[in-house]
Amino acid sequence: MGQWTVRSLVIPAILAVLAPWSAPAPANPGGPPAAHVAAATAGWTPPLSTRGRYIVDATGQRFKLRSGNWHGASGTWNGSGDVNDDANHHAGENSGRIPLGLDRAPIDRIVAGFQQVGVNSVRLPFSNEMVHDQQPVTDAAVAANPQWRGLTPLRVYDAVVAALTDAGIAVILNNHTNTTRWCCGVDGNERWNASQATSVWEDDWLFMARRYRDNGRVVGADLYNEVRRNVWDDPNWGLGDDHDWFAASQRTGDRILQEANPNLLIIVEGINWTGIPVDGFPHGRPTLTPVRSLSHTLVVSGKLVYSAHFYDYTGPNHSGATGVGETSDPRYRDLSRDQLYDVLYQQAFYVAAESGQHFTAPVWISEFGADGNPSAPQISRDWFTNFVDYLVRTDADFAYWPLVGWLENRGNNGWGLLFWDRSGRRADVFSGGDWRADAWARLVGFAGRTGPVDPVPRWQMLSPDHGDFVQSLRMRARPDWDSGARKAACPDGQRLIGLAHTGNRGLCTDVTAADLWAPSGAYTVVTDERYVQPGNDWASGYTKLQCPAGSFVVGYAVRGAAMSSALCAASGTALGAAGRTVWFDRGDNRPADGGDFAYGRYKGQCGSQEYVAGIAYTGRFGSSRTPDALYCRSLR
């Protein structure tokens, strides 16, 4: 499913399709899992949050997502023919609109199987259609779980969530598709708003987040799967239109945390495909590359996780198609080990590897997989081995696709880790004859970083590019402090530390101090020079927006490109008075901390032991009242 399975891209203006994946596998009888792969679900305390590149539990212990995808509730129907005919479902496996395999094995045996192959968390796809589907599941779909007869798909999904979390398994809710059908091509599920209004998508997320709010082991909201091009249009990252995935995920993540469940991890997948997959036309798989220059800052800090998908048959510029929609670009499996690792780093893994940046966050590879059949080509085996080695080398969080398959169909679809037949007989990756067994055991058996993870300073971007970017819950609850202007404010507990000369971008941090803001929450909106102290003209000839004594800048407002106001918070602790002017009207003037928060723009930034006490600009001829200097004062 998350595989770029593109079915049919019509070619009216040279459009091609990304071809469907097909995955065979051997039919091996069930057997015990490898003895050295232990259940990995004990001993963690929800909720989860992030510290730098790591996910941690409520006690600060690292919680590595060793996950699998249990698909089916988002649909297996291929989109044509009788929906009740198994032949019209992906690989002939009809899930009945619920997680696959509930017709074959009792829920407790399925959950135990997940634990036995080393999974501690499950990515559980659903469709928006499933949320509203009032048609009860068929008796056949829950033949091995008759207690669920007559339930709607959502009620069965509820029961599955409860069974997983009761066993100590963490659940990540994944909005996989708009419609309940197999993903992923030009199928009406390309974007969060491909077959529905954005408002419906947001409302469904609030509904789902609230539905499981009291279950602490429901830990994450994976906002949408494999955002990609439809026939006519590309998604984008930051243009501000209704195809802007950055803006949509930012807004919905904030709404979930503010209105529904502040404990959830917000998981944002990169863009899976843009452009026309035809040689000579621009096309490719951006994944997480745009994050380096435009990253999310959520209203609740420590909740952001980025994700990406990798399969051998796709590539950095290859759609995964065979035939129509196929280009001459290399697939990931065509790359040497070193080339593969370089591409993986550039496309996704840098986000976790580079610490102390505005974009630094955990990266969860929420889909990867391979056909476990003996007939699988050596080039695919080599890719899988190399990819697993890279996951081990980088100590990455991961989710295998998929967990469950049909045993009698394994010769046609051997991608699963566990297989059941109609009589309930089970086989798994460790049953013998599955070439993935050693690599999978090495992956789930690798401990990586364990134990407590110390809190790290946060560096986060403000990007009021197209509208307000107020990430302070305090200020969201207050009246509009500069009506008609675009406003930006740091998350609570952080302070402004840097500004761009043009482009309106800002940088926030909590380094050195926790929350300087006074308990009263007092603040001042500064629009003139009334607080500039006599004899301290720190930017002569420039207009200076300086905070009152004992206050520091936590936000700003702009009108077009021009500065409109500075938002100053009263400090609850004594601040230093020694200051210096940092000019950035003719070049960068900043330390390396936090990363480049405004690519291609001049930037100014105070030191990590300083706070911003003022912003200077000029409106003289040839200038646009954009920031030219910061007044930086020492914290102590």
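A disulfide is taken here as a pair of cysteine sulfur atoms within 2.5 Å. By this criterion the structure, which is a predicted model, holds four disulfides. When the bonded cysteines of the protein chain are numbered in sequence order, they pair as 1-2, 3-4, 5-6 and 7-8.

One of the disulfides links Cys183 to Cys184, with the two sulfur atoms 1.4 Å apart. The torsion about the S-S bond of Cys183 and Cys184 is about 85 degrees, and the disulfide is therefore right-handed. Cys183 and Cys184 are both buried.

A further disulfide is formed by Cys547 and Cys568, whose sulfur atoms lie 2.1 Å apart. The link of Cys547 and Cys568 is left-handed, with -80 degrees about the S-S bond. Cys547 is located in the loop between strand S22 (543-546) and strand S23 (551-559), whereas Cys568 belongs to strand S24 (residues 562-570), so the pair ties together parts that are 21 residues apart in sequence. Burial applies to both Cys547 and Cys568.

Cys606 and Cys632 are likewise joined by a disulfide, with an S to S distance of 2.0 Å. Here the torsion about the S-S bond is about -80 degrees, so the disulfide of Cys606 and Cys632 is left-handed. Cys606 is found in the loop between strand S26 (603-605) and strand S27 (610-617), and Cys632 in strand S28 (residues 627-634); the pair therefore ties together parts that are 26 residues apart in sequence. Cys606 counts as buried because its relative accessibility is 1%, under the 20% limit. Cys632 has a relative accessible area of 0% and is buried.

Helix packing was considered for helix H7 (residues 378-393) and helix H8 (residues 437-445), which pack at an angle of about 10 degrees with their axes 10 Å apart. Angles under 35 degrees count as roughly parallel, and H7 and H8 are therefore roughly parallel to each other. On the H7 side, the contact is made by Phe384, Thr385, Val388, Asp389, Leu391 and Val392. H8 contributes Ala439, Arg442 and Leu443 to the contact.

With regard to confidence, the protein chain averages a pLDDT of 93, and 93% of the residues score at least 70. Among the elements of the protein chain, the highest mean pLDDT, 99, belongs to strand S7 (residues 265-269). The lowest mean among these elements is 96, for strand S8 (residues 274-275). Over residues 1-39 pLDDT stays under 50. For residues 1-39 the model has 176 contacts beyond four places in sequence.

Terms used: Residues are numbered from 1 along each chain as its sequence is written. This is a predicted model: local features need pLDDT of at least 70, side-chain atom pairs count only at pLDDT 80 or more; totals for chains, interfaces and linings use all residues. Side-chain values use heavy atoms; hydrogens and water are left out. pLDDT is the predictor's confidence in each residue, from 0 to 100. Helices (H or I, at least four residues) and strands (E, at least two) are DSSP runs, numbered from the N terminus. Contact means heavy atoms within 4.5 Å. Buried means under 20% relative accessible area, exposed over 50%, partly exposed in between (1.4 Å probe, protein chains only). Axes are lines fitted to C-alpha atoms, for helices over the stretch in contact, and angles run from 0 to 180 degrees between N-to-C directions. Angles under 35 degrees count as roughly parallel, over 145 as roughly antiparallel, 65 to 115 as roughly perpendicular and the rest as oblique.
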